[in-house]
Amino acid sequence: MRLSWRRSSRAEDRFESWITQQHQRRVLAGETTPSGPCPDEGFVRDLARKSKSIALSDPRIDHTANCRKCMSRLLELRGENQSRRQRIAFITAITACALIAVSVVVARYALEKRPSSANETVVAQTVNLWDAGTVRGEQPGQLESVSLPAASVRLTIILPRHSEPGLYLVAITRDQNGNGVVAEGTSTTVANGGQQEITTGLDLRKAAAGPYFLSTTHEQDQAAYYYPLQIR
């Protein structure tokens, strides 16, 4: 029922539009006789804008609807109004797109130029385990005067003698049993002379100052080696 009503309404709209076009054709062809004098330009402009201040009973409406001169002017003004609305809509859309583009560029520029805070500074540190004892499990090897800052650290570790090459897991833990992992990262060894080195990033910015353990675990034997260190 609803779809049938819609089809009927659209058909009626087309029919009324056709009648209007036929009437306008007759008026513009001079086949109608208007009553009364032509209204002034202001009235025709208000009528073109469909002003609500004009009453439907106003006799000037009937005259304009049947006068060739007034009808021509009315259609011309309506065309101008429509073109003006289209230009305004187009300009508004272009302005909105431009504002969005500018906002994106400004936001990206501000992000790229934002000064780095002290917590975002990456500190390069090297830990030399070449001569350190490597004891598995709970007993840490001997490591003297090693500390790391509470910052983002790019840590390079010189592995102990006879260390196997390959992939290593590096972790900072609260004890030598691997509990309380504060930060961890992975790295593949790089040969430097007769030594094996690994480099990885560790985020220690939230770590409190105090004693911790540095552990290294090789991918194959999965044995963790623990070394005491201080976070300052």
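Strands β6 and β7 form a hairpin with two residues between them. Gly193 lies in the turn and has a positive phi of about 70°. Strands here are DSSP runs of E of at least two residues, and helices are runs of H or I of at least four, both numbered from the N terminus. The model is predicted: local features need pLDDT of at least 70, side-chain atom pairs count only at pLDDT 80 or more, and totals for chains, interfaces and linings use all residues. Residues are numbered from 1 along each chain as its sequence is written, and side-chain values use heavy atoms, with hydrogens and water left out.

Strand β6 spans residues 190–192 and pairs with β7 in the antiparallel sense. Three bridges join the two strands; pairing requires that DSSP find at least two bridges between them. Within this pairing, Ala191 has Gln196 of β7 as its bridge partner. Strand β7 (residues 195–203) also pairs with β3 (residues 152–158). This pairing is again antiparallel and runs over seven bridges.

Charged contacts were examined next. Side chains of opposite charge can pair when their charged atoms come close. The structure holds eight salt bridges, each defined as a side-chain nitrogen of Lys or Arg within 4 Å of a carboxyl oxygen of Asp or Glu. A network of salt bridges links Glu41, Arg45, Arg73 and Glu76.

Two of the contacts involve Glu41. In one, Glu41 meets Arg45 at 3.2 Å, N to O. Both residues belong to helix α2 (residues 41–48). They are four residues apart, so about one helical turn separates them. Arg45 is partly exposed, at 35% relative accessible area (buried is under 20%, exposed over 50%, partly exposed in between, with a 1.4 Å probe and protein chains only). Glu41 is also partly exposed, at 35%.

In the other contact, the side chains of Arg73 and Glu41 come to 2.6 Å, N to O. Arg73 is partly exposed, with a relative accessibility of 22%.

A further salt bridge joins Arg49 to Asp46. Their closest N and O atoms are 2.5 Å apart. Arg49 counts as exposed, at 51% relative accessibility. Asp46 is partly exposed, at 23%.
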